[in-house]
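Please read it alongside the sequence and the model.

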Amino acid sequence: MMKSRTITLAGIFTAIAIILHLLEAGIPNPFPIPGVKLGLANIVGLWAIYTLGLPLALVIVILRVCLGTLLSGSFLSFGFFMGLAGAVTSTLIMAAVIKFLPHSSAIGVSVLGAVSHNIAQLAVAAVFLNQPGIFYYLPILLFSAIPAGILTGIFTNILRKRVPAMAKTKVN
Amino acid sequence: MSKQDRNIILFVLLATLLIALGFRLFPSEEDNLQAQITLQGNLFTTIPLDHQEFFTIDGVYGPVEIEIEPGKIRVAHVTCPDQICRKTGWISRSGQVIVCIPNQLVIQLIGPKENLDAIVY
C-alpha cells in the first residue's frame with residue numbers, strides 16, 4: 001500500500017504536468033519550426049523521476065499525455081501517439097541517464113531526454129505515415145532539442161532546490 | 001552546469017552535425033529508374049538509368065545532347081535560347097522531369113517508389 005504522501009505528490013505532479021502541457025499549447029511557439037515544442041511538461045516528468053522514482057514517473061507521464069490530449073481534443077490522434085511515444089521513451093532514457101551518468105545535473109539528463117523524445121516522435125511519425133524520409137528532419141530536431149533540453153533542465157534544477165517538500169529524493 | 005552536462009551537450013551537437021553530414025554525403029538512391037523521353041507528345045524511348053551513355057536526339061528546335069549515368073540523367077547540351085533544360089541539371093528521383101519547350105522535349109523519371117512532396121493531415 002502506497003503512502004498517501006506519495007499518492008498526493010503523484011497527483012500534484014500530474015496536475016502540474018497537464019497544466020504545463022495545455023499552457024504550452026496556448027502560447028506562441030518561439031521556435032518557428034513545425035513539431036518543435038519547448039517541452040515544459042517534461043520538467044515535471046524529470047522531477048518526478050528524482051522524487052518518486054521511475055515507475056511512478058512513467059505513470060505520471062502517461063497520464064499527462066492521455067489527460068492533456070483529452071482536455072485539448074486530440075486524444076488518440078496522431079499527435080497523441082507521437083506524444084505518448086516521446087514521453088515514455090524520454091522518461092525511460094532520463095532515468096537511465098540519471099543512473100549511469102551520475103555526475104550530470106538535470107541539464108544533461110534533460111538534453112538527452114529531449115533528444116530521445118524527438119527521435120521517438122520521428123520514429124512514430126515515420127511508421128504512421130510510411131515515410132522513412134521523415135528522418136531527414138532529424139538534424140534540425142536534434143539541434144533544437146539542445147536549447148529546449150537545457151531550458152527544462154535549468155528549470156528542474158531550480159525547482160528541486162526551491163521546493164524542498166518535493167525534494168525528498170529516492171534517486172539522487 | 002557540471003562538466004558532464006557540458007560533455008553531453010557537446011556530444012549531442014557533434015552527433016547532430018555528423019548525421020547532417022551523413023545525409024549530405026550519402027543520399028539515398030533509387031533502383032530501377034527509367035527515363036521516359038517524349039518528343040512532341042509522343043513517346044520517343046524509355047531508357048533504364050543503369051549505365052553510362054551519351055547520345056544526341058533531334059528536338060524540334062535543334063539537337064539535344066543527353067547524358068546518362070547510373071541513377072541520373074541530364075541534358076548536357078542544347079541550342080534552345082533559354083537553356084532551361086540544361087540548367088535543370090541532373091535528375092535522379094522518380095517523378096522529376098526535364099522539359100525543353102522549344103524542342104518539345106520531356107524527360108520524365110519513372111520508378112517504383114512514390115515520392116511525396118508534402119503530407120498534410
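Strands here are DSSP runs of E with at least two residues, numbered from the N terminus, and two strands pair if DSSP finds at least two bridges between them. On that basis, chain B holds an open sheet of 4 strands in the order β2-β1-β7-β6, with antiparallel pairing. The model is predicted: local features need pLDDT of at least 70 and side-chain atom pairs count only at pLDDT 80 or more, whereas totals for chains, interfaces and linings use all residues. Residues are numbered from 1 along each chain as its sequence is written, chains are lettered from A and ligands numbered from 1 in the order in which they are written, and side-chain values use heavy atoms, with hydrogens and water left out.

- Strand β1 (residues 34-39) of chain B pairs with β2(B) in the antiparallel sense over 6 bridges.
- Within β2(B), B:Asn42 is the residue opposite B:Leu39.

**The sheet of 3 strands**
- A further open sheet in chain B has 3 strands in the order β3-β4-β5, again with antiparallel pairing.
- Its edge strands are β3 (53-58) and β5 (72-77) of chain B, each of which pairs on one side only.
- The twist from one strand to the next averages 30 degrees.
- β3(B) pairs with strand β4 (residues 63-69) of chain B in the antiparallel sense over 6 bridges, and a hairpin of 4 residues joins the two.
- B:Asp58 lies opposite B:Pro63 in β4(B).
- β4(B) and β5(B) are paired in the antiparallel sense over 5 bridges, with B:His77 in β5(B) as the bridge partner of B:Glu65.
- The hairpin formed by β4(B) and β5(B) has 2 residues between the strands, and B:Gly71 in the turn has a positive phi of about 90 degrees.

**The interface of chains A and B**
- The contact (heavy atoms within 4.5 Å) takes 21 residues from chain A and 17 residues from chain B.
- Together the chains bury about 1700 Å², 78% of it on carbon and sulfur atoms; buried area is the accessible area (1.4 Å probe) that two parts lose on being put together, summed over both.
- B:Gln4, B:Ile8 and B:Phe23 supply 29% of the area that chain B buries against chain A, more than any other three residues.

Methods. Axes are lines fitted to C-alpha atoms, for helices over the stretch in contact, and angles run from 0 to 180 degrees between N-to-C directions.
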